[in-house]
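Look over the structure first.

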Amino acid sequence: MTIEQYEQNLSKNLFKLWNRMSSGSYFPPAVKAVEIPKAGGKGIRVLGVPTVDDRIAQTVAAMYLERRVEPVFHPDSYGYRPRRSALDAVEQCRKRCWRSDWVVDLDIRAFFDSVDHELMLRAVERHIDEDGKWVLLYVKRWLVAPLAKADGSVQQRDRGTPQGNAT
């Protein structure tokens with residue numbers, strides 16, 4: 001379903017999603033795998049495209065978690081943070097390049113493909129209270145939601161998280 005189709009019956013769709021989530025009966029469907037060529041022809045990156053319901057639900061969970069984890073992030077952390085971007089990181093680098101004559105550059109190969117689910121869940125659990133147990137339940141379910149490939153096959157997952165989710 002497209003966002004436009006979802007909006008045609010927005011109130012009913014949101015109520016249905018809220019009802020299923022609040023009762024614990026929401027199970028995310030498979031995430032659509034979309035292959036994107038990497039820069040320079042060096043392979044492909046698989047992006048996961050969640051359903052509209054999942055995007056909405058993940059946004060709500062992210063908003064809940066964000067209030068709790070934002071205060072503990074390092075000021076120089078820019079990835080996936082509100083009101084921060086890669087351009088902000090570049091600006092900070094430009095300012096600092098005049099103070100130091102060294103640079104640290106790193107890239108964790110296949111990071112999103114290798115995220116340990118148990119470690120992720122422990123991190124989420126550390127930042128929620130009793131009222132947030134629903135977040136942990138749904139993060140567990142999103143982490144193991146299968147990946148629907150273009151050829152029609154479905155891949156089960158026990159580690160990693162597809163890039164492209166709303167969270």
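**Helix packing and a pocket**

Q: At what angle do helix α2 (residues 10-23) and helix α3 (residues 52-69) pack?
A: This is a predicted model. The axes of α2 and α3 lie 11 Å apart. The angle at which the two helices pack is about 60 degrees.

Q: Which word describes how α2 and α3 lie to each other?
A: Their packing angle is about 60 degrees. Angles under 35 degrees count as roughly parallel, and roughly perpendicular runs from 65 to 115. The helices α2 and α3 are therefore oblique.

Q: What is the handedness of the crossing of α2 and α3, left-handed or right-handed?
A: The axes are 11 Å apart where these helices pack. The crossing of α2 and α3 is right-handed.

Q: Which residues of α3 does α2 meet?
A: From α2 come Asn13, Leu14, Leu17, Arg20 and Met21. The residues of this contact divide into 5 nonpolar, 1 polar and 2 charged. On the α3 side the partners are Asp53, Ile56 and Ala57.

Q: How do α3 and helix α6 (residues 133-144) lie to each other, oblique or roughly antiparallel?
A: The axes of α3 and α6 are 10 Å apart, at an angle of about 135 degrees. Roughly antiparallel needs an angle over 145. That makes α3 and α6 oblique.

Q: Which residues of α6 meet α3?
A: The crossing of α3 and α6 is left-handed. From α3 come Asp54, Ala57, Gln58, Val60, Ala61, Tyr64 and Leu65. The α6 residues are Trp134, Val135 and Trp142.

Q: How many residues of the contact of α3 with α6 are nonpolar?
A: This contact includes Val60 in α3 and Trp134 in α6. Its residues include 1 polar and 1 charged. The nonpolar residues number 8.

Q: How do helix α5 (residues 117-126) and α6 lie to each other, roughly parallel or roughly antiparallel?
A: Their axes come within 10 Å and cross at roughly 160 degrees. Angles over 145 count as roughly antiparallel. That makes α5 and α6 roughly antiparallel.

Q: Which residues of α6 make the contact with α5?
A: The crossing of α5 and α6 is right-handed. On the α5 side, the contact is made by His117, Met120, Leu121, Val124 and Glu125. On the α6 side are Lys133, Val135, Leu136, Val139, Lys140, Leu143 and Val144.

Q: How many residues of the contact of α5 with α6 are charged?
A: Glu125, Lys133 and Lys140 are in this contact. The division also gives 8 nonpolar and 1 polar. The charged residues number 3.

Q: Which elements give two or more residues to the lining of the second largest pocket?
A: The second largest pocket has a volume of about 850 Å³. Of its 27 lining residues, the closest to the centre are Arg45, Ala110, Phe112, Asp113 and Gln163. The elements that give two or more are β1 (31-37) and β2 (44-49).

Definitions and conventions
Residues are numbered from 1 along each chain as its sequence is written. This is a predicted model: local features need pLDDT of at least 70, side-chain atom pairs count only at pLDDT 80 or more; totals for chains, interfaces and linings use all residues. Side-chain values use heavy atoms; hydrogens and water are left out. Axes are lines fitted to C-alpha atoms, for helices over the stretch in contact, and angles run from 0 to 180 degrees between N-to-C directions. Helices (H or I, at least four residues) and strands (E, at least two) are DSSP runs, numbered from the N terminus. A crossing is left-handed if the near helix is turned anticlockwise from the far one by less than a right angle, and right-handed if clockwise. Contact means heavy atoms within 4.5 Å. Ala, Val, Leu, Ile, Met, Phe, Trp, Tyr, Cys and Pro count as nonpolar, Asp, Glu, Lys and Arg as charged, and the others, Gly among them, as polar. On a 1 Å grid over the protein atoms alone, a cavity is a set of points where a 1.4 Å probe fits but cannot get out, and a pocket is an open set with protein on both sides within 12 Å along at least five of seven lines; lining residues have an atom within 4 Å of a point. Grid points are joined across faces, edges and corners, and a volume is the space filled by probe spheres set on the points.
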